[in-house]
Amino acid sequence: MRPTGRLHLGHYHGVLKNWLELQHEYDCFFFVADWHALTTDYEQPGNIPQATWEMVIDWLAAGINAGSATLFVQSRVPEHAELHLLLSMITPLGWLERVPTYKDQQEKLKEKDLATYGFLGYPLLQSADILMYRAGLVPVGEDQVAHVEMTREIARRFNHIYGREPDFEEQAEQAVRKMGKKNARLFSDLRRGYQEQGDQEALGVARALLETQANLTMGDRERLFGYLEGGGRVILPEPKPLLTKASKMPGLDGQKMSKSYGNTIGLRDDPAEIEKKLRTMPTDPQRVRRTDPGDPDVCPVWQFHQVYSDDARRDWVREGCRSASIGCIECKRPIIDAVLAELEPIQQQARELEHQPELVRSILNDGCDHARDVARETMAEVRHAMSLTQN
């Protein structure tokens with residue numbers, strides 16, 4: 001996540017709630033993309049450290065658990081920059097220019113000078129972020145699937161260029177023997193089933209078998225992934241997109257909740273301020289007087305009910321609004337109560353974290369150390385594959 005400072009309900013419902021589930025199902029890496037922030041805000045980098053601090057506090061307050069996931073800051077793992085550089089040597093310029101968001105963002109941010117390599121190359125830096133941790137799945141919305149697909153193409157190109165070792169098959173067969181007779185025979189049968197008959201189930205079983213082999217080094221395992229599929233050694237595995245549910249959290253005016261629209265409810269906003277924002281948010285413009293019937297479908301408050309209310313409450317709103325038997329303040333009251341109840345534990349945790357800066361620093365330091373250990377392993381493999389020597 002790019003460091004934007006304190007987060008709002010749009011971030012919570014659109015990203016953080018998804019992270020809360022994923023951290024217990026997978027080995028997750030959640031990081032502050034501070035270098036990515038420079039791609040559009042390179043003229044004012046001084047705001048990034050404080051924005052990073054505020055954002056991490058909100059992550060932790062919302063329930064992101066440093067014991068379940070790795071939390072780190074991108075710029076504190078310099079291997080990201082090295083892998084980005086090395087990948088830039090093999091990435092065709094046309095691949096970057098065709099990324100859908102490239103021209104899109106240039107149109108939306110016309111006030112900024114984005115004719116820079118940093119902006120053109122940010123999808124490649126994003127690919128380095130993903131490939132560094134050999135990610136199997138990348139949680140994204142539909143609008144970012146193209147970025148993951150480009151990452152797959154880059155990984156495929158890298159493996160094609162650098163994965164062919166002179167003695168690849170001999171080393172692969174040696175690795176198979178390390179699995180023991182029974183597993184080696186099973187792997188060979190599954191490999192034959194996939195390569196000769198295109199058996200996708202055999203491919204899946206063989207991949208799962210490799211993951212369980214404690215006797216294999218990381219290099220052996222990646223070599224056998226390539227051997228299994230009939231290619232060279234897989235140095236950088238191809239990730240797949242993990243589509244996340246689209247956020248239904250609207251802003252106070254019915255548009256997408258965004259700081260640039262000034263329509264947000266911050267996770268740490270004062271409860272009195274939150275109540276005031278919700279009480280004064282616009283409603284159906286045709287409903288001027290209390291006795292005027294309204295239409296929930298054109299009212300921003302109705303969108304909040306779709307997030308926070310059950311079916312019975314929504315039926316009450318629809319009937320009451322259309323018959324004018326309830327007023328707009330009555331309609332808003334359940335939303336005010338629901339938002340305040342949702343944010344109360346988050347705000348309490350945030351207050352505790354604000355008074356424990358050393359704890360937050362310790363969590364980030366530990367996460368950065370772990371991320372860097374993983375990154376060093378990946379870069380050792382990358383440098384070896386490219387026949388580069390480390391100074």
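Predicted model: local features only at pLDDT ≥ 70, side-chain atom pairs only at ≥ 80, totals over all residues.
Visitor: Which residues of α8 are the buried ones?

Guide: They are Tyr122, Pro123, Leu124, Leu125, Ser127, Ala128, Asp129, Ile130, Leu131 and Met132.

Visitor: How do I read the packing of one helix on another?

Guide: Two packed helices are described by the distance between their axes and by the angle between those axes. Here, take helix α4 (residues 79-88) and helix α8 (residues 122-132): their axes come within 9 Å and cross at roughly 115°. The crossing of α4 and α8 is right-handed.

Visitor: Which residues of α4 and α8 meet?

Guide: From α4 come Glu79, His80, Leu83, His84, Leu87 and Ser88, and from α8 come Leu124, Leu125, Ala128, Asp129, Leu131 and Met132. Sorted by class, this contact of α4 with α8 holds seven nonpolar, three polar and two charged residues.

Visitor: What follows α8 in the chain?

Guide: Arg134 follows α8, and its phi is positive, near 50°. Arg134 has this positive phi although it is not a glycine. Arg134 is found in the loop between α8 and β3 (137-140).

Visitor: Is Arg134 buried or exposed?

Guide: Buried means under 20% relative accessible area. Arg134 has a relative accessible area of 15%, so it is buried.

Visitor: Where does Ala324 lie, and what is its phi?

Guide: Ala324 lies in the loop between α16 and α17. Its phi is positive, about 60°, although Ala324 is not a glycine. With a relative accessibility of 13%, Ala324 counts as buried.

Visitor: How do I look for empty space inside the model?

Guide: Rolling a probe the size of a water molecule over the atoms shows where empty space is left. In this structure there is one cavity of 30 Å³ or more. The largest cavity has a volume of about 90 Å³.

Visitor: Which residues line the largest cavity?

Guide: The lining consists of Thr283, Asp284, Arg287, Pro296, Cys299, Val301, Trp302, Val317, Cys321, Cys328, Cys331 and Lys332. Two or more residues of it come from each of α15, α16 (311-323) and α17 (328-354). The most comes from α17, with three residues. By class, the lining of the largest cavity has eight nonpolar, one polar and three charged residues.

Visitor: Which residues of α15 are buried, and what do they pack against?

Guide: In α15 the buried residues are Pro300, Val301, Trp302, Phe304, His305 and Tyr308. The buried residues of α15 pack against α1, α14, α16 and α17. Val301 and Trp302 are also among the residues that line the largest cavity.

Visitor: What is the volume of the second largest pocket, and which residues are closest to its centre?

Guide: The second largest pocket has a volume of about 480 Å³. It is lined by 18 residues, and His13, Lys17, Glu21, Lys245 and Ala246 are the closest to its centre.

Visitor: Which helix gives the most to the lining of the second largest pocket?

Guide: That is α1, with seven residues. Both α1 (9-22) and α15 (300-308) supply at least two residues of the lining. By class, the lining of the second largest pocket has seven nonpolar, six polar and five charged residues.

Visitor: How exposed is Asp270, and where is it found?

Guide: Asp270 is found in the loop between β4 and α14 (271-279). Asp270 is partly exposed, with a relative accessible area of 45%. From Asp270 to Gly327 there are 57 residues in sequence and 25 Å in space, C-alpha to C-alpha.

How values were computed
Residues numbered from 1 in each chain as written. Heavy atoms only, no water. Axes fitted to C-alpha atoms, helices over the stretch in contact; angles between N-to-C directions. Helix = DSSP H or I, 4+ residues; strand = E, 2+ residues; numbered from the N terminus. Left-handed = near helix turned anticlockwise from the far one by under 90°. Contact = heavy atoms within 4.5 Å. Nonpolar A, V, L, I, M, F, W, Y, C, P; charged D, E, K, R; others polar. 1 Å grid on protein atoms, 1.4 Å probe; cavity = no way out; pocket = protein on both sides within 12 Å on 5 of 7 lines; lining within 4 Å. Points joined across faces, edges and corners; volume = space filled by probe spheres on them. Buried < 20%, exposed > 50% of the residue type's maximum accessible area, 1.4 Å probe, protein only.
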